[in-house]
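Please view the sequence and the structure together while reading.

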Amino acid sequence: MIAEYALVGAGAKAKVGAQLAVTMDSAITRSLRGFGTKEASATAAAIKRGMIEVELVDSLPGDFAGLQLFGTNKLQVLKSLPAEEAAAIVAHEFKHYLDHISPQNYNIWHELEAYRFQAAATGRAFDEQATLARLMTHPVYGKLPR
Amino acid sequence: MTCRKCDGPMDILEQTGHVVRFKCARCGEEVSGLLEPRQHLPPDPTFQVFALFSTVDANHLSKEILRIRQLVPILQRQSVSELATQLKASGRIEIGTMRGSKVDELAETASAQGLTLRLVRSPLDSTLSTAN
């Protein structure tokens, strides 16, 4: 799985090129490296290679903390977040990016997999049943196609 | 947020749940995105970690020390005999500072490799037995 990320990253490097300005806070990259997991390293490597572009922003709509623009490699994360939380969101969004989600195909299983990846990246335990139950009863996620 | 085509300001056109659609106020370019809520990470505190060994057989103990050195690279700064001396003097080997999740991971790996060591976190009120 990780080898696949690495391959995607290598391919994307050639496609994306150097024109993308990465406005990534180094504290987030340090947090990703600090997690010490393969998933976090893959996320950090994707940023370094320009596969994904992370922009730190002052605000996002509502109380949300991250944004992944469909069909692009752009992620936005709130500047005010603690670095570890921001790094977790970047890992989560990176999985969405890898899954090529769009408004047409986006479903609850994408979220389950993103949370699984995020847990692996941050070195936390992942309880699939509990996470799925939480997603299905969530006021927003619960309305997603299954 | 600015438009990828003309760098103009993007306004929210509509938001359904956490799917949001933006429209450029200058050129009309539209883009959709997925908003994510805050991720409250469970704590993963850092501990000072020590290894205790159950075996009393000197040969077996040396082998265990050799293997824990392989699992914890920082211990390779000390020789097996130095670590054995530390163990004899204090009854434990200092592994160093680790996050709780990493201690769990190390305990699992050591157990899977058949080591009899126990990892003790500081303060010494929580132990992880690899023998169980």
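In this predicted model, an open sheet of 6 strands runs in the order 1(A)-3(A)-2(A)-3(B)-2(B)-1(B), with mixed pairing. Strands are DSSP runs of E with at least two residues, helices are runs of H or I with at least four, and both are numbered from the N terminus; two strands pair if DSSP finds at least two bridges between them. Residues are numbered from 1 along each chain as its sequence is written, while chains are lettered from A and ligands numbered from 1 in the order in which they are written. As the model is predicted, local features need pLDDT of at least 70 and side-chain atom pairs count only at pLDDT 80 or more, whereas totals for chains, interfaces and linings use all residues.

- Strand 2 of chain A pairs with strand 3 (residues 30–36) of chain B in the antiparallel sense over 4 bridges, and Gln68(A) stands opposite Leu34(B).
- Strand 2 (residues 19–24) and strand 3 of chain B run antiparallel, joined by 5 bridges; Val20(B) has Gly33(B) as its bridge partner.

**The interface**
- In chain A, 26 residues are in contact with 21 residues of chain B, contact meaning that C-beta atoms, placed from the backbone, lie within 7 Å.
- Strand 2 (66–69), helix 4 (83–98) and helix 5 (108–122) of chain A each supply at least two residues of the side that touches chain B, and helix 4 gives the most, with 7 residues.

**Chain B**
- Chain B has 3 helices and 7 strands, in the order β-β-β-β-α-α-β-α-β-β from the N terminus on.
- Of its 132 residues, 25% count as buried, that is, with 20 or more other C-beta atoms within 10 Å of their own; exposed means 12 or fewer, and partly exposed in between, with C-beta atoms placed from the backbone.

**Ala83(A)**
- Ala83(A) is found in helix 4 of chain A and is partly exposed, with 16 other C-beta atoms within 10 Å.
- Leaving aside neighbours within four places in sequence, Ala83(A) is in contact with Ala27(A), Ile28(A) and Ser31(A).

Methods:
Two residues are in contact if their C-beta atoms, placed from the backbone, lie within 7 Å.
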